[in-house]
Amino acid sequence: MTRPPPRLIVNGRPFDLPGLPDDERLLDTLRWRLGMKGTKEGCRTGGCGACTVLVDGESTLSCLTLAKEVDGRSVTTIEAGPEDAVVARIRSAFAAAGALQCGYCTPGFVMSLAGMIRERGGVASRAELLEALGGNLCRCTGYASIVRAVDRLVPGGP
Amino acid sequence: MAPFELVVPSSVEEAMAALRTAGPGEASVLAGGTDLLNDLDDHRTNPRRVISLRRLPWRTLDWTGNQLTVGSTLPLRALEQDPEVAQRFPGLAQAVQAVGSVALRHRATLGGNVVRSAPASDLIPVLLSLDAELDLVGPRGDRRVLVDRFLRSSRQVDLAPGELVRSIRFPEARPSAYFWQRVRPANDISQVAVALAFSPADHAWRVAVGGVPPRPLLLPEPARVLGTGAPGPEAVRRAARLAGEQAPFVTDRRASEEYRRRAVSALLVRAVDSVLQAPEFPG
């Protein structure tokens with residue numbers, strides 16, 4: 001009996017991954033095997049949050065996750081299409097608030113927020129959203145504009 | 001990262017067999033992986049086989065009256081979000097929230113944290129203050145061991161070849177608190193930390209400190225000074241002073257010994273205040 005190849009469902013699309021090495025991290029699978037360069041490599045030690053994606057809706061550090069450990073599961077990245085209303089809404093909030101400069105950390109920030117909004121069933125409080133960003137570093141903005149983007153995601157925000 | 005074979009057993013027996021057939025030092029056990037993967041990348045660990053626990057039925061949280069049993073592979077995020085845990089083991093919930101970030105806690109586990117036994121673990125001080133025990137499975141049968149006995153030194157634990165931590169058992173709900181000091185509030189390593197708990201059964205306090213080499217430890221004397229119930233201000237001051245004097249702090253790249261001695265006293269005072277204000281505190 002041959003085992004089916006590992007499979008990831010990325011942004012709703014299934015990818016069979018024959019020959020996926022046991023030691024490959026989800027970050028590298030996304031970037032180098034699937035060519036989705038939106039997910040960024042920062043520190044590669046879980047310290048910066050740049051590589052954050054969703055696995056079955058939960059924010060996950062793709063640098064500290066073996067791709068085979070999430071075999072069969074759904075992965076959401078910054079490349080998610082407009083049909084992902086949560087990710088689309090956060091991207092718009094970042095654009096409207098001018099919440100990025102070099103942009104390298106932005107995908108991680110967006111996915112951390114998306115995970116919290118999904119966890120809270122579609123609406124998260126300001127405190128919950130800021131807690132979700134505790135593991136995301138930005139070296140450009142000083143965070144003020146990112147907090148303004150967060151305010152746009154809170155009910156009653158601008 | 002050195003190439004290794006990833007094995008994903010679907011039963012405890014299979015997992016033990018996968019461990020047993022690997023030679024000494026040839027296998028690493030993967031729970032959440034948030035610590036292990038860094039070691040693999042840096043070649044601090046070079047296993048030929050990595051055994052993932054993700055298919056084992058250990059993502060559990062069970063109450064038996066006043067006792068809590070947490071499966072070793074339950075993600076920390078699930079533990080911190082349980083309202084009963086937050087109410088009956090506030091120190092545990094606070095310590096879990098001190099670990100990494102939300103995204104990290106979606107994968108990191110309590111079992112992994114104890115077995116990996118990082119000297120600056122934010123969870124181990126609280127496990128000590130709650131007299132937590134580990135239930136182990138292994139080729140020679142099951143056994144139960146106090147976390148305080150399980151921990152030997154930095155990154156060294158009393159785990160026999162082939163043994164796995166199945167669950168962490170908390171024998172008694174306790175008014176408790178965890179206070180830490182660090183450079184950044186989130187996703188950072190604590191320079192110094194205090195876990196405090198009051199045992200209603202023993203009418204006694206437990207004080208544990210983190211940020212001491214080689215591993216977090218219980219300080220019996222400050223706990224004794226706090227007495228058998230709500231301590232007065234003088235007892236709190238004496239306990240705080242003793243904690244600062246007796247914890248074997250050293251200077252390292254995160255903080256100086258002097259800073260830690262002063263900080264631990266302040267943290268203990270805050271922890272006592274926090275526990276006494278909880279509605280669950282007896283008397």
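What follows is a conversation about the terms applied to this predicted model and the values behind them.

Colleague: Why is B:Ser167 called buried?

Modeller: The relative accessibility of B:Ser167 is 7%, and a residue counts as buried when that value is under 20%, so B:Ser167 belongs in that class. B:Ser167 sits in strand β10 of chain B, residues 164–170, and, setting aside residues up to four places away in sequence, B:Ser167 touches B:Thr69, B:Val70, B:Gly71, B:Ser72, B:Glu133, B:Leu134 and B:Asp135.

Colleague: How do you know that B:Thr69 and B:Arg169 come together in space, given that they are 100 residues apart in sequence?

Modeller: The C-alpha atoms of B:Thr69 and B:Arg169 are 4.4 Å apart, and B:Arg169 is among the residues in contact with B:Thr69 once neighbours within four places in sequence are left aside. B:Thr69 itself lies in strand β5 of chain B, residues 67–71, and its contacts also include B:Thr60, B:Leu61 and B:Asp62.

Colleague: What makes the pair A:Glu69 and B:Arg54 a salt bridge?

Modeller: The closest N and O atoms of A:Glu69 and B:Arg54 are 2.8 Å apart, and the rule asks for a side-chain nitrogen of Lys or Arg within 4 Å of a carboxyl oxygen of Asp or Glu, so the pair qualifies. This salt bridge is one of 6 that the rule finds across the interface of chain B and chain A. A:Glu69 is also buried, because its relative accessibility is 2% and the cut-off is under 20%.

Colleague: Why is B:Arg241 called partly exposed rather than buried or exposed?

Modeller: B:Arg241 has a relative accessible area of 48%, and since buried means under 20% and exposed means over 50%, B:Arg241 falls in between. B:Arg241 forms a salt bridge with B:Glu245, where the closest N and O atoms are 4.0 Å apart, and both residues lie in helix α11 of chain B, 4 residues apart, about one turn of the helix.

Colleague: What makes B:Glu80 and B:Arg77 another such pair within a helix?

Modeller: B:Glu80 and B:Arg77 both lie in helix α3 of chain B, 3 residues apart, about one turn of the helix, and their closest N and O atoms are 2.9 Å apart, which makes a salt bridge. Both of these residues are buried, and both belong to a network of salt bridges that also links A:Glu119, A:Arg120, A:Glu128, A:Glu131 and B:Arg105.

Colleague: Which residues have the most contacts inside the largest nonpolar core?

Modeller: That core has 54 residues, and those with the most contacts inside it are B:Leu92, B:Leu110, B:Leu127, B:Leu134, B:Phe150 and B:Phe170. Helix α8 of chain B, residues 124–129, gives the most to this core, with 4 residues. Leaving out residues up to four places away in sequence, B:Leu127 touches B:Leu92, B:Leu110 and B:Phe170, among others. In soluble globular proteins, nonpolar side chains tend to be buried together.

Key: Residues numbered from 1 in each chain as written. Chains lettered and ligands numbered in written order. Predicted model: local features only at pLDDT ≥ 70, side-chain atom pairs only at ≥ 80, totals over all residues. Heavy atoms only, no water. Helix = DSSP H or I, 4+ residues; strand = E, 2+ residues; numbered from the N terminus. Contact = heavy atoms within 4.5 Å. Core = buried A, V, L, I, M, F, W, Y, C linked by side-chain atoms within 4.5 Å. Buried < 20%, exposed > 50% of the residue type's maximum accessible area, 1.4 Å probe, protein only.
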